[in-house]
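Student: I would like a close look at one part of this model: the side chains and what they meet. Could you walk me through them, step by step?

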Amino acid sequence: MPEHRDDYDWNACSDLFFQDHDVLMLFDARLDGIEDPDGDVNQHLGMGEPRAAAWFESFGYPPARDPERGFRR
């Protein structure tokens, strides 16, 4: 592939491959309590529900694939 000016933009790669990094804030002791969806910081950042019960809910973007669509071969 030809070179592109963004080839080494690691922050962009992180944003493209991982939709949400908010969960990483749960490991920062300075942000203790951020997991509470009713908390001020959580609401200001729009984090939503970062607790384990919500880990496997979809983000809603990109839209979910139609399960009736079938597969390409």
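Tutor: Happy to. A residue is called buried under 20% relative accessible area, exposed over 50%, and partly exposed in between, with a 1.4 Å probe and protein chains only. By that scale W10 is exposed, because its relative accessible area is 55%. Y8 is exposed as well, at 66% relative accessibility.

Before going on, a word on the source: this is a predicted model, in which local features need pLDDT of at least 70 and side-chain atom pairs count only at pLDDT 80 or more, while totals for chains, interfaces and linings use all residues. Residues are numbered from 1 along each chain as its sequence is written, and side-chain values use heavy atoms, with hydrogens and water left out.

Next come the charged partners. The model has two salt bridges, meaning a side-chain nitrogen of Lys or Arg within 4 Å of a carboxyl oxygen of Asp or Glu. One joins R5 and D6, at 3.5 Å from N to O. Here R5 is exposed at 77% relative accessibility, whereas D6 is partly exposed at 35%. The other joins R30 and D28, at 2.7 Å from N to O. D28 is partly exposed, with 22% relative accessibility, while R30 is exposed, with 73%. The R30 and D28 side chains also make a polar contact at 2.7 Å; that term covers N or O atoms within 3.5 Å, where within protein one must be able to donate a hydrogen and the other to accept it, and residues adjacent in sequence count only if both atoms are side-chain atoms.

R30 sits in the loop between α1 (10-17) and α2; helices (H or I, at least four residues) and strands (E, at least two) are DSSP runs numbered from the N terminus. R51 is 21 residues away from R30 along the chain, with 17 Å between the C-alpha atoms.

Now to helix α2, which holds N42. N42 is buried, because its relative accessibility is 2%. Its side chain reaches the backbone oxygen of I34 at 2.9 Å. Leaving out residues up to four places away in sequence, N42 touches I34, E35, D36, P37, M47, G48 and P50, where contact means heavy atoms within 4.5 Å. G48 belongs to the segment after α2 and is partly exposed at 32%. Beyond four places in sequence, G48 contacts P37 and N42. Between G48 and M25, 23 residues apart in sequence, the C-alpha separation is 13 Å.

Last, the outside. V23, L24, F27, W55 and F56 form a nonpolar surface patch with about 680 Å² of accessible area together. Patches take residues with over 30% relative accessible area and no salt bridge, joining like charges within 9 Å and nonpolar side chains (Val, Leu, Ile, Met, Phe, Trp, Tyr) within 5 Å; areas come from the Shrake-Rupley method with a 1.4 Å probe, and for residues only the protein chains shown count as cover. F56 is exposed, with 80% relative accessible area.
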